[in-house]
Amino acid sequence: MTEPAFFILTALLDAPRHGYGIVAEVAELSRGRVQLKIGSLYGVLDRLVGDGLVELDREEAWQGRLRRYYRLTEQGRDALDAEAQRLAANARLASTRLRERRNPITGTPS
């Protein structure tokens, strides 16, 4: 799962959101590391919808434009949970290995 997809799914955990709402929530969740453009957002959303992880919740007219709201599916929640567990396991492994390695400058364990 790509980092943008991970954060989009995470952004949809609380409630359905429209495009700009997703972009803002992803920026906040990632502390600005993931900055989605609207064009790339909809490319990722199309893939997530195609994979059954996200679905259209509703469409609303707003200032003469149509806003599409997306929501996380149960399959999307399961995929996000699995990815979060995978990332946590990877982080634990790396942290353990880093602690086991000696500091190359001092020769002492870190």
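**View 1. An open sheet of 3 strands runs in the order E1-E3-E2 with antiparallel pairing.** Strand E1 (17-18) and E2 are the edge strands, each with a single partner strand, so one side of each has no neighbour in the sheet. Strands (E, at least two residues) and helices (H or I, at least four) are DSSP runs numbered from the N terminus, and two strands count as paired if DSSP finds at least two bridges between them. The model is predicted: local features need pLDDT of at least 70, side-chain atom pairs count only at pLDDT 80 or more, and totals for chains, interfaces and linings use all residues. Residues are numbered from 1 along each chain as its sequence is written, and side-chain values use heavy atoms, with hydrogens and water left out.

**View 2. E2 and strand E3 (residues 65-72) form an antiparallel pair over 8 bridges.** Within this pairing, Glu55 stands opposite Arg71 in E3. Strands of a sheet pair through backbone hydrogen bonds.

**View 3. The protein chain contains 4 helices and 3 strands.** Along the sequence they follow the pattern α-β-α-α-β-β-α. The radius of gyration is 18 Å, well over the 13 Å that the globule rule gives for 110 residues, so the chain is more spread out than a compact globule. This radius is taken over C-alpha atoms, and the rule is 2.2 Å times the number of residues to the power 0.38.
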